[in-house]
Amino acid sequence: MEREIAVIGAGAAGMMAAITAASQGAKVTVFEKKSRVLQKILVTGNGKCNLSNINMDVTAYHSSYSRRLEAVLHTFSTADTISFFNDLGVLIRAKNGYLYPYSEQAQVVLDALRLRADELGISILLDHEIKTVTKRSDGFFAVNDYVYEKIIIACGSMAAKKKGEAIYGYAMAEMFGHTINPVVSGLCKLFCREGFLKALSGVRCQAEITLVINGATAQVESGEVQFTNEGISGIPVFQLSRTASYALLEDKEVKVKINFFPDMAEDDYENFCFQRLALNKGKSLSDFLLGMAHKKINQVMIRKHGFSYEDKIENISSDSVWKLLMEFRSLLVRIRKSDSFENAQVCAGGVDLNEVSDELESVLVPGLYFAGEILDVDGRCGGYNLQWAWSSGFVAGGGVR
C-alpha cells in the first residue's frame, strides 16, 4: 500500500522533505497556513537566495547535540545540494564560498521546487491552519480531518513571523512530550542604550566588534557594521546576536566593543597616532581627525569627550587627546535588547536534538519527524541555515520510508 505522509509547513525544509518522501514512493500532503509556498526563501540573500556554502563545517552552527547535527549534514552535504538543484535545472555559482542560483534570483529556486513537487504529485494545501494533531491508538496520526501513517513537522521558528502570528510547531512538539530549548532571536540587529547612536544612523564602516558579557570577551567578529537610530546591525553583528540574546535572557551585562581600525595591530595604531600628533599641531580637533573614520564618527567622538569641533589640539591635554584616539579602537556600547522575532532571520533554540534519532524521528513518538528551524540548530550568515533546511528535510523525508 502507498504510504500516506503529512508534512506540516511548506518552507525550504518542508518542501525538501516532501520531495524526498514522494521520490521514494510516498503519497505526500503538505499543509501550509499561508497562501503560497516558500515565502521566506524569496528574501534570503537579499533576494538572491544564498542557498549554501562551500566551506561547510559543523563549527558554523550552534546546536543542542553537535554529533547529530554533523550526521545530518554528512548525509546530505553541500555537494548533494548542488547536485540536487542541478537536477532541477538550477545552475549554481559560487561567490567567496557563498552559493547562489546562477541567475541570482530566489524565485528560480522557489519555482524549481514547486515544479518538482507538482511532477511528483505532491498535494499542497494552502491556507490550511493546523487545528489538531494527535496520534491514534492504531498508530496513525490525525491531522485536522485527515489520517496519515507518519508526519513531518517543518513549520519553522518564530523568525520573520508577523507579530501575533501563531507558532504551531513548538506547541505540537510540546504536546507530544518534547523539550523546547529556550528560543531567542538570532541573526538580528542589536539595540543599544547610548543616545549618540542617532547621530551615526546610516553610517557603514569596516570594524572589528567584540561581544563582552559580564566583563569577559565572549565572541569577536569583523566586517561591515551598520549604525541605526538605536543600535548596530550588519553581518558581524548578526553573527554574535544569538549569543547576546541568550545573555540578555539571563539578565547578564552585555556590551559590544567597536574597533574602527581592525587591520592595525595595537602597536602599529599607537605609532600611527604618535605620527599624526607630531604632524598636525595647530589644527582644530575636527581637522586633526579628518580621514580617521567616517566624519560622523569623528564628530561623535569629539562630543563624547566633551570637546567642540574647533578646539585646538595644543589647548587640550595630551592625555585627553590620547584617550580620544584610543577610543577609536575600543568604543563601548551597552546592549539593551536584541531585535524582535519578526525581524530576525533565524531563531536559536527549539526541539532538542537529543530527543530525535539520526533520521530526525522522535525518540518519544514513533512516526513523528522534525526538519528545519523547529529543531535546536542555527547557523551563521552565509547559506548555512538553508543548508540545514535542505539536509534536515532530506533526512526526515528519507526517514519516513
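User: Which residues does isoleucine 122 touch, not counting residues up to four places away in sequence?

Analyst: The model shown here is predicted. Isoleucine 122 lies in the loop between helix 4 and strand 7. Leaving aside residues up to four places away in sequence, the residues that isoleucine 122 touches are Ala18, Ile19, Ala22, Val28, Val30 and Ala117.

User: Is isoleucine 122 buried or exposed?

Analyst: A residue counts as buried when its relative accessible area is under 20%. Isoleucine 122 has a relative accessible area of 9%. Isoleucine 122 is therefore classed as buried.

User: How far apart in space are isoleucine 122 and leucine 73, C-alpha to C-alpha?

Analyst: In sequence, isoleucine 122 and leucine 73 are separated by 49 residues. In space, the distance between them, C-alpha to C-alpha, is 25 Å.

User: What span does helix 4 reach from its first C-alpha to its last?

Analyst: Helix 4 covers residues 106–119 and has 14 residues. At 1.5 Å a residue, the expected span is 20 Å. The span in the model is close to that expectation, at 20 Å.

User: Within what arc do the buried residues of helix 4 fall, seen down its axis?

Analyst: The buried residues of helix 4 are Ala106, Val109, Leu110, Ala112, Leu113 and Ala117. They line one face of the helix, because seen down the axis they fall within an arc of 165 degrees.

User: Which residues are exposed on the other side of helix 4?

Analyst: Among the elements that cover the buried residues of helix 4 are helix 1, helix 3 and helix 11, together with strand 6 and strand 7. On the other side of helix 4, the exposed residues are Asp118 and Glu119.

User: At what angle do helix 1 and helix 11 pack?

Analyst: Residues of helix 1, including Met16 and Thr20, meet residues of helix 11, including Trp390 and Phe394. Helix 1 passes helix 11 in a right-handed crossing. The two axes are 7 Å apart, and the packing angle is about 35 degrees.

User: Which residue stands opposite threonine 134 in strand 9?

Analyst: Strand 8 and strand 9 pair in the antiparallel sense over three bridges. The residue in strand 9 that stands opposite threonine 134 is alanine 142.

User: How many of the ten residues of strand 14 are buried?

Analyst: Strand 14 spans residues 204–213. Strand 14 is largely enclosed by the rest of the structure, because the number of its ten residues that are buried is seven.

User: Which residue in the turn between strand 14 and strand 15 has a positive phi?

Analyst: Ten bridges join strand 14 to strand 15, and the two run antiparallel. They form a hairpin with two residues between them. A positive phi of about 50 degrees in the turn belongs to asparagine 214.

User: What is the bridge partner of valine 212 in strand 17?

Analyst: Strand 14 also pairs with strand 17 (residues 254–259) in the antiparallel sense, over six bridges. In strand 17, the bridge partner of valine 212 is lysine 255.

Conventions:
Residues are numbered from 1 along each chain as its sequence is written. This is a predicted model: local features need pLDDT of at least 70, side-chain atom pairs count only at pLDDT 80 or more; totals for chains, interfaces and linings use all residues. Side-chain values use heavy atoms; hydrogens and water are left out. Helices (H or I, at least four residues) and strands (E, at least two) are DSSP runs, numbered from the N terminus. The expected span of a helix is 1.5 Å times one less than its number of residues. Buried means under 20% relative accessible area, exposed over 50%, partly exposed in between (1.4 Å probe, protein chains only). The arc is that of the directions from the helix axis to the C-beta atoms. Contact means heavy atoms within 4.5 Å. Two strands pair if DSSP finds at least two bridges between them. Axes are lines fitted to C-alpha atoms, for helices over the stretch in contact, and angles run from 0 to 180 degrees between N-to-C directions. A crossing is left-handed if the near helix is turned anticlockwise from the far one by less than a right angle, and right-handed if clockwise.
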